[in-house]
Amino acid sequence: VAIALGVDLAILLDSQDTKKAPTNEGEGEKQNIRFVGDLMRVPVVSREMTACCGSGIGAMDVTSESEEPVWISRSELRAYDDLRPPFAIYADGDCLTSDDIKSEDKVIINPAEEAQNGSIVLVRMYGMLSLKRYYRLPNDTVVLRSDDGEQRLTPKKQEDADFTIIGVMIGFFRGRPVLKSF
């Protein structure tokens with residue numbers, strides 16, 4: 001994820017500023033903890049890097065601004081990879097309001113989950129980050145949809161755009177996580 005986003009892995013993992021998970025045991029106070037029972041710590045990428053719900057936002061360096069992590073149930077994940085753990089990023093724009101995703105929502109992305117037709121994915125194209133509904137046609141053309149329309153990327157256009165699926169959206173929240181399949 002860090003390479004795909006062009007940022008330092010320590011920033012994505014927020015390893016220097018671990019927040020306490022809601023437990024009675026106080027385990028969340030330990031540094032670098034990722035799991036407390038079934039709860040999984042999900043770092044939030046700084047507000048300076050957002051995922052556009054429209055034409056895209058440049059993938060810039062993430063500042064050191066500290067964002068409080070969120071905790072989700074690991075049992076909600078369909079896939080997990082220690083090398084590509086879930087993270088959250090702020091949404092920007094209103095092109096996915098039909099999916100109830102609004103600007104300033106924190107969107108939880110799972111890089112380990114394989115994109116299926118109809119999934120909402122975080123993609124990088126032309127160095128820009130976007131959230132889009134994803135479809136792959138039999139001829140390997142990718143269709144990206146939002147409330148503003150659709151974009152078709154043939155295999156050649158995918159190569160020219162340096163198109164990458166960073167991960168699948170597994171949920172979003174406006175205060176506390178709302179996990180649901182997309």
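**Exercise 1.** Find how β1 and β2 pair, and over how many bridges.

*Solution.* Start with β2, residues 39–42. β1 and β2 run antiparallel and share two bridges; two strands count as paired if DSSP finds at least two bridges between them. Strands here are DSSP runs (E, at least two residues), numbered from the N terminus. Next, look at Phe-35: its bridge partner in β2 is Met-40.

This is a predicted model, where local features need pLDDT of at least 70, side-chain atom pairs count only at pLDDT 80 or more, and totals for chains, interfaces and linings use all residues. Residues are numbered from 1 along each chain as its sequence is written, and side-chain values use heavy atoms, leaving out hydrogens and water.

**Exercise 2.** Work out the strand order of the open three-stranded sheet.

*Solution.* β2 and β5 are antiparallel and joined by four bridges. One of the partners to check is Trp-71 in β5, which bridges Arg-41. The order is therefore β1-β2-β5. β1 (35–36) and β5 (70–73) are the edge strands, each pairing on one side only.

**Exercise 3.** List what Ile-109 contacts beyond its neighbours within four places in sequence.

*Solution.* Contact means heavy atoms within 4.5 Å. The partners are Pro-86, Phe-87, Ile-89, Leu-122, Leu-131, Gly-167, Val-168 and Met-169.
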